Structures are given as C-alpha cells and as structure tokens.
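Here's a quick briefing for anyone meeting this structure for the first time. Have a look at the model, then read on.

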Protein chains: 2
Amino acid sequence: MPVLVMKFGGTSVATLDRIRRAAKRVGLEVAKGYDVIVIVSAMSGKTNELVGWVNETSPFFDAREYDAVVSSGENVTAGLMALTLQEMDIPARSWQGWQVPLLTTSAHSSARIEEIPTDNINRKFGEGMQVAVVAGFQGISPEGRITTLGRGGSDTTAVAFAAAFDAERCDIYTDVDGVYTTDPRVCERARKMDRIAFEEMLELASLGAKVLQTRSVELAMRYKVKLRVLSSFEEPSDTAGTLVCAEEDIMESNVVAGVAYSRDEAKMTLVSVEDRPGIAAAIFMPLSEAGVNVDMIVQNIAEEGRTDMTFSCPTDQVKRAQKALDDAKTKGDINFNDLVADTGVAKISVVGIGMRSHTGVAAKMFKVLSSEGINIKVITTSEIKISVLVDRKYMELAVQALHDAFELEKSA
Amino acid sequence: MPVLVMKFGGTSVATLDRIRRAAKRVGLEVAKGYDVIVIVSAMSGKTNELVGWVNETSPFFDAREYDAVVSSGENVTAGLMALTLQEMDIPARSWQGWQVPLLTTSAHSSARIEEIPTDNINRKFGEGMQVAVVAGFQGISPEGRITTLGRGGSDTTAVAFAAAFDAERCDIYTDVDGVYTTDPRVCERARKMDRIAFEEMLELASLGAKVLQTRSVELAMRYKVKLRVLSSFEEPSDTAGTLVCAEEDIMESNVVAGVAYSRDEAKMTLVSVEDRPGIAAAIFMPLSEAGVNVDMIVQNIAEEGRTDMTFSCPTDQVKRAQKALDDAKTKGDINFNDLVADTGVAKISVVGIGMRSHTGVAAKMFKVLSSEGINIKVITTSEIKISVLVDRKYMELAVQALHDAFELEKSA
C-alpha cells in the first residue's frame, strides 16, 4: 500500500484534545488506503522546559546527556498518539528513535541521519498495523546513545522517513496554513502559494520565513520528497497548504515567487582597507572564528591599492565582529582606516526560480525602490534571488511596493 | 572498588535544587571510594501527570504504550542527575533501562526483572566513570519494547542492581527518615528503628507502612541485599535511617518490633453457609476473579452442616464482593442465609521476629486491648504477626496502648 508521512508540530499536539484532532486527520488518510507514518514533536513548551533545565543544571553541558533529557518529550506524544489511534480502532504503535532504529552520527544535539532501516516498520505494516507513530527529533548513535537532530529536527525526521519509505507525500502539519508570498503581517495582500519549488523554499526559509527547518527542505530536494506544509487547525481539504516540490512539478510560476525580509541586520564597512591578494581571507577568517554569521559581502573598486569592504551580519553580533577585526588590526593581519557599523538596516529579498530565464528582475526591483524614495545601500544577487540592504524604516514600504510591483497577489 | 547503590525517590529529585542536594550525597560516597550506581525516580508529580494523560486518552489502554509514555519521567531525572554530577567534576553518565539493558518479562506495566547484565556499566567503571545514573522503574521486554515495573518500581530497580553488582549496601533516599515502631501521627512515642529484619519489614509494608515497595523487600531478602531507608532532607550521617537486613545481622531485638494498622478495612460475614468440602474455594474463587483483595479469613465451628465464614477486605471493594457472592448464590455455587458487611473496622497488627521464640505475645495483646475496653472482632496469626479487627473508633487507642505495653519506645 502507498505510504504517507504526516508530521505534527508542537502546537498541533499541545493538548490531549489537539492530539485527538490530529489523530482524526490520520484516520482520514488511513481511510483512503494509506499506510501512514506519523512523526510527532513534543507538546509545545515541553522541549523548551527541558532545555531550560539542562542549561540551568550545566551551562557547558555534556551533549549526550542533553540529548537523553530533551528527547523525552517526543516519547510522550508518540505513545499518546498511538493510544488515541487505537481508541479509534486504528491499529497503531509507537516507536522511539532507537527502536526503529533511526541511525545517526555521534554529533550529539545536532546529529545527522545516516540510515533508517525500514524492515521493522514494514513488517508491522504487513501484519496489519496501519499507523506507525514515530517520536521525532531523535535517533541513536553508533555508540548506542540517544542523539537529537537540532531544534526543528522533527521536520527532518519526517522527510527522512518519507525518503526511506518512498512515501507518496510528506505532510507537515503546523500552525500556519502554508507558505506566503511574503509575511501577511507586513503586507496584507500576501497570498498563500499552492506550490513552491524547493530552491525557492530554501531561500525563503533561510531568509526568515521559518515554516520548515532548512535541513528538511534540503533533504526533500535531494530525495525528491513532495513536502506539503499545512495547518492542523483548518478543515481538511485536498488543496490545503503549500506543496514544496521539484521545479518540474510546477506547471507555471511567477518570475518572482516571494518577497522576504530580515529586520535585524547590520551593515559593517571597513574603510580604506589595504587591497592585496588574500585580504578577504584575512578579514573573514577571524570573523568566522568569532562566530559571526556574515551574510552579504561587497567589495568596492580599489583605488591606489586601497578599497572599502562591506558586509552584513545580525545586529547582535556587531560587537563581536568589531572586536575580531580590531584584534586582527592590532596583530597586523589587516590594515584599515575606519570601521563603520550601521545597525539600522534591513534586508529585502525577491526570490523566484523564474529569474533564471527572465531578465530585468533586478532592474525592476531597483526602479520600484527608487520610485518610493528608498536608497539601496548594498546589493547582492544569486541565481534565483536578489537581496538589498535598506534603512530599516523603509522595510515595510519596500516589501509592500515590491509585492505590488511583481503582482504577487495574483497566482500564475 | 566496592559498589554502592543509592536510590532517590520523586520528592528527593523534585526540583533542580533537590537534584543538586542529592548529587552532593552521591559525592560524599564517591569520596569514600565507592563506585556508585544511582537509581532515580521521576520528579514528583510527573508520573501521575503522565498516567493521567494515558487514562484520559484511553481508559482500557494498551499497556505497551502506557509503559512507553510513563517511563519518560525517569529519563529526564537520570540525564539531569548525570549533568549535575559532571558539574561537580564527578565522571558520570546516564543509562535508560534499554541501554543497560535491564531485561524484563513482557508483562507490561507490571513486568518482572529477568536479568541485569553488568558488563556495560562495569566497563565504564573500569574506564574511570565513578557514577552510573540509571532511570528507575523501566526495562526492556524480549520484544524490544519498553516495560515498567509497577508503581514504586524504582525501589525494586535499586535492589535488583544491588544484587546484580553485589553492592555493599542499597540506600533508599525518601522523604521519611526511617521505619518507625508505629505511625508517629497516631502515637507520638513512636521510635525510629535502627534495624529491622526483612520479614518484619514485609509484614509492616504490606500492612500500610508504605516506605518501600513490597517487592523490593522480597528481592532484598532473597539476595541478602542490605537495604537502608533514609531521608534525603536530613544531614548525612552513618547512623541515619533504618537498616533493613537479615535476622542474623540484628544482634538483639525486641520481641515485638512494631505496631501496624490499616484504617479502611471491612469485615464481611457469610451467615450460615452450607459446610461441605470445597466450600472455601467456591466462596473465594469468585471474589478473586472479581479483583477483591481478601485479607483475613476466619471460619467458625460448623453446626449441623452449616457455618459462618468471615473475611476482611478494603472498604472500597465491599460492593464488588457483595455482587460476586450474590452472583455465585444465584448460580447455585454457594448457599448462605445472609451476607453482613461491617465497614466500620480497622486492623491492628503487632509484628516481630522475636515472636518465634517468645510465647505469650498474643495473650498479652488481647489483655491490653481488653483492659482498654476494646472488643476484638476477628483474630489471625502468623509466625511473626498477630492481627485483630476492632471497631475503627478504637484504632488510635489500640495502637497507643499496644505500643506502650510492648515498650516500643525503648530500643532493645
């Protein structure tokens, strides 16, 4: 029988009543003839509580013990979900990560999945079981210890199961009803997309549209798992949510799929840096070692052997970046006249696989911003994305203007 | 190095602060040169919460899922205890039941321990680990599923580990400071005993002095594990608590060790039962099948082929007992004139291994009660125990009078 993977996030299993509502959705898919694998998160708030206890107990904790503690919330929901399904006369049982076993690396608290043997669960499906409920977020290391996959890891668990069992689809139930062309809180004309390409989703997710863990989208792209994001609080329907899928599964698409933004960006400029081979490495190695997440990088044209180097990073990392660069200057590794930090900027990006075949998107974007009187401070582009830094006070205006200009309220 | 087992109950690990206090006690024993195995319960209240969720989800639950859910509380405390010890620079790690593995039968929610292989933990002790923290109450079935040992099962886990590792002693940390000659709330002259024999503890535990799970005492008796019951809220001392040990480890003891009582007893009398071979089985089989815990049984002398049969059971099982006996009468399995239930009685017992060699304890007990004007309704005796049923209103008086008469406030 075809396999369907259904993942329920923390808010979808926050109470016994919500677990019952989730189980009813599982029942609908069972009735359609699917063998269902349900992946559950911990009840909302539980994992945070456990993480808090670990941090309070041991600030520099042993990650193996962290994993043993924080994985327990998922075990509770897995058992309760199996019991709820049984009460509905649906043959079901729970699996903890080590029982599957979901084999991972030993990188505790951020382990990577190595393999998911399918024989145990498939044998049970063969014996008449209709739903396998699996505790998300957790696995077992080669040493036989419990591992976890990092926050949001249950999404990745779900996609990995969908890949391993060759599932027809992987439905991610959450508290939003899909992926939007932009944040509806910023632009009321934001439209829920029916479909979005993996590549677009990756750009949107890493830009702040935090619907799915980025790793889960990467994994889905690699194994061509059809991912559907939908709300567990809406009435079931075949067209609910947003399907995240391969480019070839999208018949027609807008050139621009969505507009993303990131509010807490800072623009850092090294003024009059000595321009020589290896200078970029000399600047960005110390930043990397200091844990600064450098995003955009722009180097101006050099004059007389000196140049200006600009980069962006989250505002809360500005001090760390300044210290790293000052230290490098003191040590003589780099030489610059001034370091200017502008912590009042925001990043706006337009994303769309259609850009690959359509020209003029960048030009149109710049014209729209210009006609609104918004000054662009930094520009970077990739194959399917154009990002700019603007003054933060213009952020909402920029998002709305771009959403309108690219007619994102209309579907393709 | 000698092994010590230390078990901390739910109130002793109820908060991070209490876990730290418990860990300090573990540190004291490590400093004495012990390899320590710590058995932890769930934080107090956690297991009740989980059991509540299971019951609400599924009144006739699948015990395998019940076990998967309710065992999770111990995993949390095991990890937190290991982290706390590590913070004190004591090499420690946590084990869940399946990791040891603690092998049990498949009788989910009331599994029995089959074997505890010692090689994994001993290897770690050999590598310099000083404390193994084990999640109590849980094990793994031959089918690879999580099992639990029944409520209070962490006591049994602790004793089983002490037996498997040939521990010097098994310390049970709880919220009472030891075993008393009687309930201090009923008799203010109650005295904490320094030592008590396994057999006495078994009689006192099953009679309501609920300090230790009865199974753990049975197991300790079989494997001659020295059990110490003590409070985690008192200052550490070598003479703290009560040592539960073999008779031969007690130099000198009172004839009577303690006075126990049970408040909620009912006395049921079948009046004028047809007296024939097999009548006892015909009465008590249906009661057993109805789940009635029959305690004392007394049969009066038969006259003209009929007799009165009296038994006691908990008051909340009276209706169930009445229905079972009425049904048996309707079916013609037994024949009686009347069924009289007296729900206003209490059971008083005096317990002591000294009774084996001393006569006159029963006579003295009856005389003491008589001189207080207390009528005895039913008497049963065993080798080391004499129990009587009296009107509940005399319960406290009876306990106090017996405690005084046998001079239990004085140690041997």
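With a relative accessible area of 24%, D391(B) is partly exposed, because that value falls between the 20% and 50% cut-offs. Keep in mind that this is a predicted model. D391(B) has a salt-bridge partner, K377(B), and that pair is a handy place to start before moving on to other pairs and to the place where the chains meet.

**The D391(B) and K377(B) pair**

- The side chains of D391(B) and K377(B) come together in a salt bridge, at 3.0 Å from N to O.
- This pair links distant parts of the chain, 14 residues apart: D391(B) sits in strand β18 (residues 385-391) of chain B, and K377(B) in strand β17 (residues 376-382) of chain B.
- K377(B) is partly exposed too, with a relative accessibility of 29%.

**Over to D175(B)**

- Where does D175(B) sit relative to D391(B)? Their C-alpha atoms are separated by 31 Å, and the two are 216 residues apart along the chain.
- You'll find D175(B) in the loop between β9 (169-174) and β10 (195-197) of chain B.
- At a relative accessible area of 45%, D175(B) counts as partly exposed.
- Setting aside residues up to four places away in sequence, D175(B) touches T11(B) and F233(B).
- There's also a polar contact of 3.2 Å between the side chains of D175(B) and T174(B).

**More salt bridges**

- How many salt bridges turn up over all chains? A search of the whole structure finds 46.
- One of them joins R228(A) and D171(A), whose closest N and O atoms are 3.0 Å apart.
- R228(A) belongs to strand β11 (residues 227-231) of chain A and D171(A) to strand β9 (residues 169-174) of chain A, so this pair ties together parts that lie 57 residues apart in sequence.
- Both R228(A) and D171(A) are buried.
- In chain B, D295(B) and K347(B) also meet through their side chains in a salt bridge, at 2.2 Å from N to O.
- That pair again links distant parts of the chain, 52 residues apart, with D295(B) in the loop between α9 (279-289) and β14 (297-299) of chain B and K347(B) in strand β16 (residues 338-351) of chain B.
- Buried or exposed, what about K347(B)? K347(B) counts as buried because its relative accessibility is 5%, and the cut-off is under 20%.
- Back in chain A, a network of salt bridges links E29(A), K32(A) and D238(A).

**Where chains A and B meet**

- On the chain B side, 37 residues are in contact with 37 residues of chain A.
- Together the two chains bury about 3100 Å², and 60% of that is on carbon and sulfur atoms.
- T57(B), L83(B) and W98(B) supply 19% of the area that chain B buries against chain A, more than any other three residues.
- Which elements give two or more residues to the chain B side? They are α1 (16-31), α2 (46-57), α3 (63-70), α4 (72-87) and β3 (92-95) of chain B.
- The largest share comes from α4(B), with ten residues.
- By type, the chain B side divides into 17 nonpolar, eleven polar and nine charged residues.
- Across this interface there are zero salt bridges, while eight residue pairs are in polar contact, both members at pLDDT 80 or more.

- D62(B) is in the loop between α2 and α3 of chain B.
- At 12% relative accessibility, D62(B) counts as buried, because the cut-off is under 20%.
- Apart from its neighbours within four places in sequence, D62(B) is in contact with L83(A) and Q86(A).
- With Q86(A), D62(B) also makes a side-chain polar contact of 2.8 Å.

Terms used
Residues are numbered from 1 along each chain as its sequence is written. Chains are lettered from A and ligands numbered from 1 in the order in which they are written. This is a predicted model: local features need pLDDT of at least 70, side-chain atom pairs count only at pLDDT 80 or more; totals for chains, interfaces and linings use all residues. Side-chain values use heavy atoms; hydrogens and water are left out. Contact means heavy atoms within 4.5 Å. Buried area is the accessible area (1.4 Å probe) that two parts lose on being put together, summed over both. A salt bridge is a side-chain nitrogen of Lys or Arg within 4 Å of a carboxyl oxygen of Asp or Glu. A polar contact is a pair of N or O atoms within 3.5 Å; within protein, one must be able to donate a hydrogen and the other to accept it, and residues adjacent in sequence count only if both atoms are side-chain atoms. Helices (H or I, at least four residues) and strands (E, at least two) are DSSP runs, numbered from the N terminus. Ala, Val, Leu, Ile, Met, Phe, Trp, Tyr, Cys and Pro count as nonpolar, Asp, Glu, Lys and Arg as charged, and the others, Gly among them, as polar. Buried means under 20% relative accessible area, exposed over 50%, partly exposed in between (1.4 Å probe, protein chains only).
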